[in-house]
Amino acid sequence: MNNFTFYSPTEFVFGKGTENQVGELACKHGATNVLLVYGCGSVVRSGLLGRVKDALGKAGIPFVELGGVQPNPVDSKVYEGISLARREGVDMVLAVGGGSVIDTAKAIAAGVPYDGDFWDFYIQKARVRKALKVAVVLTIPAAGSEGSGNSVITKVATLQKLSIRVPELLRPCFSIMNPELTYTLPPYQTAAGIVDMMAHIMERYFTNTADTEIADRLCEGTLKAIITEAPRVMADPEDYGARANLMWSGMIAHNGTCGVGNEEDWTSHHMEHEISAVYDVTHGAGLAVIFPAWLTWMASHHAGKVAQYAERVWDVPVSDDKKAMALEAVARLKAFFRSIGMPVTFAQLGIEQPDIDLLVKKLHEDKGEEVGFYAKLGRKETREIYELAL
Ligand code: NZQ
Ligand code: ZN
């Protein structure tokens, strides 16, 4: 196990009706003027936004609103939010929504006190040294942004989808998680969220770091819980117990716990971010296509930990043939993704002829000539993985 620091100061408030506590929580965390950020209408239609506004009003906290954040959020909305927040003098950015809304809120929170262009943080030209407080009312378990210090934004002019990781400043001060708020999710979004949280665990699990037993077991146990709960929620979207387990799994998957002490991989995410930047697909659906392809490549080149994953997560019988075990795990993973309605090929994702030259070029321009840690991959290898996803 490697040395690590783990700082996770978020107050999680979980359960039925908890969104009504948003006013008192905002007060408790020092808010005096709030920027309320939300997406393209689901929180308006469900009545959640109204309840959040009522709760802020009752607590005597003024707020201004920024709606219209789109999935795969873009830089223009961040600039709009930074201007609004500065003009109104807000001191907390409250995201009511999913990863796209939360990531936009985080980008605004980092951008407001910074003199330069917020995009500097995403291209690693500057580090976030100060940020407004971020808080969350979560509506979809998926990105895990409610517990992470990460934000992923797309710059439209260059089609770059890049992330920052600033746990010491951008983890939300509180996150409200009411599983009932997820009942209205379309099945496709529920399923894409399930894939995303599994991917967050697997990016951490596939490591060469030795002596990671605690992290391994947390990863394997959480993956098994997700695999059990997913069919329940797909069959009955209002199964509170299953929704609750999935909502908490999404947080556990990405707040860092599953990877402390590990050298994490993240290649599949970087490869997917190029797909969602170019083709604007749902992140989790893109991962359902890429992760099995990455694992298939690993079965032939670095099967060790994939065989362990096969045995412990997918109950594949142990044999001396680690490659065969790994391939069986890929088959079971794909079958699981298909069973919840996710695509497992580019064609099923709606991209008949992906521009693999472009994806490979952008990936290595954005992330360097070598990507990944479980196996270090150059242009030739990442091309092979994209091709395995056809
Ligand atoms: O915009 P509205 O109308 O709210 O609709 C959203 C959106 O269309 C809808 N939705 C959300 N909650 C709903 C709902 N519809 C009905 N009922 C509800 N309760 O779902 C759609 C997707 O929302 P989005 O916020 O985009 O989903 P998600 O949480 O999957 O976030 C995806 C974004 O997060 C990034 C992804 O790349 C993508 O841009 N990620 C962020 C990470 C992080 N910050 O740590 C890590 C991830 O790996 C990921 O990259
Ligand atoms: Zn993800």
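A salt bridge, as the word is used here, is a side-chain nitrogen of Lys or Arg within 4 Å of a carboxyl oxygen of Asp or Glu. The structure above is a predicted model, in which local features need pLDDT of at least 70 and side-chain atom pairs count only at pLDDT 80 or more, while totals for chains, interfaces and linings use all residues. Residues are numbered from 1 along each chain as its sequence is written, chains are lettered from A and ligands numbered from 1 in the order in which they are written, and side-chain values use heavy atoms, with hydrogens and water left out.

By the salt-bridge rule, the count comes to 21. Let us begin with lysine 28 and glutamate 11, whose side chains meet in a salt bridge with an N to O distance of 2.8 Å. This pair links distant parts of the chain, 17 residues apart: lysine 28 sits in helix H1 (residues 22–28) and glutamate 11 in strand E1 (residues 11–14). Helices (H or I, at least four residues) and strands (E, at least two) are DSSP runs, numbered from the N terminus. How open are the two partners? Buried means under 20% relative accessible area, exposed over 50%, and partly exposed in between (1.4 Å probe, protein chains only). Lysine 28 counts as exposed because its relative accessibility is 57%, whereas glutamate 11, at 24%, counts as partly exposed.

Next, look at glutamate 264 and arginine 165, another salt bridge, with the closest N and O atoms 3.4 Å apart. Glutamate 264 lies in the loop between helix H10 (240–254) and helix H11 (267–279) and arginine 165 in strand E7 (residues 160–165), so the pair ties together parts that are 99 residues apart in sequence. Glutamate 264 is buried at 12% relative accessibility, while arginine 165 is partly exposed at 49%.

Now find lysine 305 and aspartate 216, a salt bridge whose closest N and O atoms are 2.8 Å apart. Because lysine 305 is in helix H13 (residues 304–314) and aspartate 216 in helix H9 (residues 213–235), they tie together parts 89 residues apart in sequence. Lysine 305 is buried, with a relative accessible area of 10%, and aspartate 216 is buried too, at 5%. Elsewhere, Glu213, Arg217, Glu220 and Arg312 are joined into one network by salt bridges that share partners.
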